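Here is a protein model to read term by term.

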Amino acid sequence: MEFSLINEKERLESFYKRHGVEGSIERSGTYYRHSDLRLANEIVCLGELHKKHIRELPDITAVVQSVNPSGLPVEMKKNSFGVSQDVLWFGSRGVIHKGLDLLIDTVNEWPDWTLHVCGVEKKDLRDLMSVNGNIKFYGKISIVDKKFAELIGLCNFSILLSCSE
């Protein structure tokens with residue numbers, strides 16, 4: 001937890017220097033709350049150990065699915081890559097901790113690239129930073145949703161960022 005907190009504080013300081021906006025600590029120490037899990041209909045977690053842990057918690061009625069560290073279910077991995085300059089970021093709250101701001105800053109400067117953001121809404125970033133038209137937001141979507149499958153087929157890269165992993 002200490003490692004995560006130190007790194008998140010460094011990321012927030014860097015974000016403030018670049019954008020003049022203060023963010024808040026969102027991900028260090030508490031990655032998800034029990035109340036978050038009780039509200040969910042479905043939970044997607046990283047790896048089988050997390051899946052087992054969540055299933056053993058009291059009052060959890062959600063369907064729990066796990067994904068591989070690549071972020072993609074095995075059957076959705078691409079066998080070949082085209083010339084697409086489309087990138088997928090699939091995340092949730094804690095966007096500064098996860099480095100979405102760095103990715104947006106970069107793609108804002110690369111107009112030929114398209115960043116597809118799943119898991120957060122554009123309005124959630126509105127007060128933090130400006131976002132160019134080559135960045136598309138989809139909100140929360142399920143990994144079994146048709147739209148997610150389309151994005152996997154379109155994107156050559158899936159970016160999984162964190163300041164503490």
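Q: What share of the contacts between residues at least 6 apart in sequence joins residues at least 24 apart?
A: In this predicted model, the share is 57% of such contacts in the protein chain.

Q: How many helices and strands does the protein chain have, and in what order do the elements run?
A: There are five helices and six strands. Read from the N terminus, the order is α-α-β-α-β-β-α-β-β-α-β.

Q: What part of the protein chain is buried?
A: Of the 165 residues, 38% are buried. The label requires a relative accessible area under 20%.

Q: Why is Lys-51 called buried?
A: Lys-51 has 16% relative accessibility, and the cut-off for buried is under 20%. Therefore Lys-51 counts as buried. Lys-51 lies in helix α3 and, leaving aside neighbours within four places in sequence, is in contact with Cys-45, Val-64 and Ser-66.

Q: Why is Cys-155 called buried?
A: The relative accessible area of Cys-155 is 4%, and buried means under 20%, so the label applies. Cys-155 sits in the loop between α5 and β6 (157–159).

Q: Why is Leu-57 called partly exposed?
A: Leu-57 has a relative accessible area of 22%. Partly exposed lies between the 20% limit for buried and the 50% limit for exposed, so Leu-57 takes that label. Leu-57 is in the loop between α3 and β2. Not counting residues up to four places away in sequence, Leu-57 touches His-34 and Leu-37. From C-alpha to C-alpha, Leu-57 and Leu-37 are 9.3 Å apart, and in sequence they are 20 residues apart.

Q: Is Asp-59 buried or exposed, and what makes its phi worth a remark?
A: Asp-59 has 57% relative accessibility; exposed means over 50%, so Asp-59 counts as exposed. Asp-59 is placed in the loop between α3 (48–56) and β2 (63–67). Its phi is positive, about 65°, although Asp-59 is not a glycine. Most residues other than glycine have a negative phi.

Q: What makes a group of residues a nonpolar core here, and which residues have the most contacts inside the largest one?
A: Members must be buried, of the listed nonpolar kinds, and joined through side-chain atoms within 4.5 Å. The largest such core has 19 residues, and those with the most contacts inside it are Leu-100, Ile-104 and Leu-115. Elements giving two or more residues to this core are α1 (2–19), β3 (86–90), α4 (100–108), β4 (114–118) and β5 (135–137). The largest share, four residues, comes from α4. A second, separate core has nine residues, including Val-67, Leu-88, Ile-143 and Ile-152. In soluble globular proteins, nonpolar side chains tend to be buried together.

Q: Which residues does Ile-104 touch?
A: Not counting residues up to four places away in sequence, Ile-104 touches Leu-115, Leu-125, Met-129, Ser-130, Val-131, Ile-135 and Phe-137.

Q: Why is α4 called mostly covered?
A: Seven of the nine residues of α4 are buried. They are Leu-100, Asp-101, Leu-103, Ile-104, Asp-105, Val-107 and Asn-108.

Q: How do you know that the buried residues of α5 lie on the same side?
A: The buried residues of helix α5 (residues 146–154) are Phe-148, Leu-151 and Ile-152. They cover an arc of only 100° around the axis, which puts them on the same side of α5. These buried residues pack against β3 and β4.

Q: How many cavities of 30 Å³ or more does the structure hold, and what lines the largest?
A: There is one cavity of 30 Å³ or more. The largest cavity holds about 40 Å³ of space. Its lining residues are Glu-8, Leu-12, Ser-24, Glu-26, Gly-94, Val-95, Ile-96 and His-97. By class, three are nonpolar, three polar and two charged.

Q: Why is Ser-24 called partly exposed?
A: Ser-24 has 46% relative accessibility, which falls between 20% and 50%, so the label is partly exposed. Ser-24 is found in the loop between α1 and α2 (34–39). Leaving aside neighbours within four places in sequence, Ser-24 is in contact with Glu-8 and Leu-12.

Notes: Residues are numbered from 1 along each chain as its sequence is written. This is a predicted model: local features need pLDDT of at least 70, side-chain atom pairs count only at pLDDT 80 or more; totals for chains, interfaces and linings use all residues. Side-chain values use heavy atoms; hydrogens and water are left out. Buried means under 20% relative accessible area, exposed over 50%, partly exposed in between (1.4 Å probe, protein chains only). Contact means heavy atoms within 4.5 Å. On a 1 Å grid over the protein atoms alone, a cavity is a set of points where a 1.4 Å probe fits but cannot get out, and a pocket is an open set with protein on both sides within 12 Å along at least five of seven lines; lining residues have an atom within 4 Å of a point. Grid points are joined across faces, edges and corners, and a volume is the space filled by probe spheres set on the points. Ala, Val, Leu, Ile, Met, Phe, Trp, Tyr, Cys and Pro count as nonpolar, Asp, Glu, Lys and Arg as charged, and the others, Gly among them, as polar. The arc is that of the directions from the helix axis to the C-beta atoms.
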